[in-house]
Amino acid sequence: MELTDEDLESLAEIVNIGVGRAASSLSILLGSAIELKVPKVRVIAASDRVLDQVDGISVKQQFTGAVAGKALLQFPTQTGRQLACLLTGYDELDEIPEFEISGVLAEVGNIVLNGVLGSLANITSSHLDYTVPEFYVGRAVSDLIGSAVPSSRSGSVLIADTDFCVSSEGIHGSIMIAFEIGALESLVEYLQQLVA
Amino acid sequence: MNDDSRISSGEDRLLDLLPVGAFLIREDFVVVRWNRTVEEWTGMTAADAVGQPLTDLFPNVADGRYAERLRQVFSTGMPATYSPAFHKHFLPVPARHGLEDQLMVQQTEVRLFSREPALALVTIADVSLQYVQLGLLRAERAELVKTRDELKAAVQGLEASNRELDDFNYIASHDLQEPLRKIVSFSALLEKQCAEQLPDSGIQYLGFMSDAARRMKNLISDLLSLSRTSRAQLEPAELDLNQCVDDVLQLLGHRLESTGAQLQVPALPAVSGDRRLIAQLYQNLIGNALKFVTDETPRVELTAERGEGEWILGVLDNGIGISEDAAARIFQPFQRLHGRDEYEGTGIGLSICRKAVQRHNGRIWVESRPGEGAHFRFTLPDRPATGTAADLG
C-alpha cells in the first residue's frame, strides 16, 4: 500500500498526541519540564534490511487486539546512557550503573510507548492488551520485532524520529511500531475515513 | 473478602510460590490477594491486607505519580513500570541487607490481570542488593579519588618546593660568584703587591684566605653545576654510550695516565638520553673511581646489563668502598665521607649524578663494602627504536 503525505501526517499526528501525553507524565514524574517532539514519521517494510543494522538500547512492549504488533523506543547506546544520566543526575556517562540505565529507560519507555499506543487505541476506539516493557541492549531492531531473516518478516514498521528535550539537552531516539501484516493498512484506511 | 471465585486455590498457591512480592488489587485499589513474599517484606498478613484499600494500608500510594498511573492500568489496560531510580520504593517496607536507614528498593510492575471485574497484578522485585553493592563501590571510588587528590596535591607541593629550591640554588650560587671573584683577585693583588709590608703571620693568613676562597669557588661552581643539571632543558635523543664515554675518557685522559688506572670498557648500548647530562654522570662516576683509590693499581670497569625497557649501567672499581650507612646518604649534597685533607672535593658530585639520572626517570644506587670497591649502578631508558645498539655478547 502506497502511503500519501496526508496519510503520513495523520500517523505523525497520532504519535505526537501520544508523546505529548507522555511528556506530561514524565514532567510530573521528574518534577521538571520534559519536551517530546516527533517532527515526522516514515514507514518501511519489516523486511527492510536496514533494520538489521540498527541496534543500541531498546525498550519493547507488545500489543494485541484490533491492531497488533510490537512497539519499541530505541536509542543509540551512548545516547540512551546520556538520557539516563540526565534523568537521574549522574555527571559522567561511565558513572551510571547498568541496572539504573535499564530501570530508568524501562520506565521512560513504558511511559512513552503507553502514550503512543494509548493514542492509537483511542483513535481506533479499540481496547488493546499489552505486555510489560522489556529492556534490551545491543539487539538489532529486526531481531526484536520478528525474525532475523528479512524474507520471513512481514508487515510494516512505522518509524518516528523522536526528539527529547531534557534540561536543555537534545536527545534523539526513535519510536518504532512494527505492525502485523495488514494492520497498518487497516489503520490508514480507518484514518482516511475519519478525515473524509 | 478474598472471595473472588475466579482466583482458584491453585492460583493462590502459584502466587505464593513466586520469588517476588505479588498482590492483586481491584479498580478501587482494594487488595484481593496478598502473597507470602509481600507478607514477609511488609510484616502484614494476607488476613490484614485483603479487603483493605492499598491507599489505606500504604498512604504513599495515593501520591499522584503512583495513583495516576495505577488508575491508567485499569482504564486503558496499559502496564506501568516503576523504576527504583525514580521511586526507590513502591511499598515503604523495612530495610533489608542490614541497612537500617535504607528502605527496600523495588522495581515494580503493574499490569491488568483480568478484565471483568478488573484486577491488576502488582509484582515487586527487591533490588536493594544492587544498591548496596553500588554504595560500596561508590564509597571505594570516593576513597580512591580522595587519596589520588591528596597525592596529587602532595606531588604538586613537592614540585613547587623543589623548583623554589632550584631557583634559590641557582640565584645564590650565581650571585655569590661576583663577590668571590673580588676576594680572589684582591687577595692575589695583596699577595703580589703588599707581601713585603706584611709580617709572616699576615702572609700565612693570606694563604688561608686564598685557600678558603678557592674551595668556595669550587663549591659554588659545583652548586651551579647541580642547579644546571636540575634546570637544564632536556634534549633526549638516541645516544650511543660508546661515543659519549669516549668523549669523557678524553677529558679524563690526564688523570687516567697519572693514576695508571686499568680501564675496561665493554661495548655499550644506545639509550635515550641527554648527551650533556649523561656525559657529566660518567665523568663524575669515573672521576670518583680514580679518586677514592687504595694502594692497589686502580681498576675501573664500565658495566651494562639489559633491564625491562631500560639499561642497568654502572661503574665498578676496586677502590676504598663505602659502608652501608654511608651508601644511604652519599647522594645527598655536601655529604663528604672523608676529610678534605684525605680527598679533594665538594660533596656535590654524586648529587649531580643522582639528578642527571632522575631527569631521565632512572634510579641510581651503590653496591659496596668498605675496602672491597664500589659498583655505582644506574638505569637509563632504552632507546625508543627497536633493538639495542651494541651487541653486548
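1. The model is predicted: local features need pLDDT of at least 70, side-chain atom pairs count only at pLDDT 80 or more, and totals for chains, interfaces and linings use all residues. Residues are numbered from 1 along each chain as its sequence is written, while chains are lettered from A and ligands numbered from 1 in the order in which they are written.

2. Strand 1 (residues 21-26) of chain B is largely enclosed by the rest of the structure, because five of its six residues are buried. Here, strands (E, at least two residues) and helices (H or I, at least four) are DSSP runs numbered from the N terminus. A residue is buried if 20 or more other C-beta atoms, placed from the backbone, lie within 10 Å of its own, exposed if 12 or fewer do, and partly exposed in between.

3. Strand 1 of chain B runs antiparallel to strand 5 (residues 118-126) of chain B, joined by six bridges; two strands pair if DSSP finds at least two bridges between them. In this pairing, G21(B) has I124(B) as its bridge partner. Three bridges link strand 1 of chain B to strand 2 (residues 31-34) of chain B, also antiparallel. Four residues lie between the strands of that hairpin, where F29(B) takes a positive phi near 70 degrees.

4. Strand 12 (residues 374-381) of chain B is joined by eight bridges to strand 10 (residues 310-317) of chain B, in antiparallel fashion, with R377(B) as the bridge partner of G314(B). Five bridges connect strand 12 of chain B to strand 11 (residues 364-368) of chain B, again antiparallel, and S368(B) stands opposite A374(B).

5. The largest nonpolar core has 83 residues, and those touching the most other members include V15(A), V112(A) and M176(A). Such a core is a set of buried Ala, Val, Leu, Ile, Met, Phe, Trp, Tyr and Cys residues joined through C-beta atoms within 7 Å. Helix 3 (residues 98-123) of chain A gives the most to this core, twelve residues. A second, separate core of 40 residues includes V245(B) and L302(B).

6. Helix 11 (residues 275-291) and helix 13 (residues 349-358), both of chain B, pack at an angle of about 145 degrees with axes 9 Å apart. The axes are lines fitted to C-alpha atoms, for helices over the stretch in contact, and angles run from 0 to 180 degrees between N-to-C directions.
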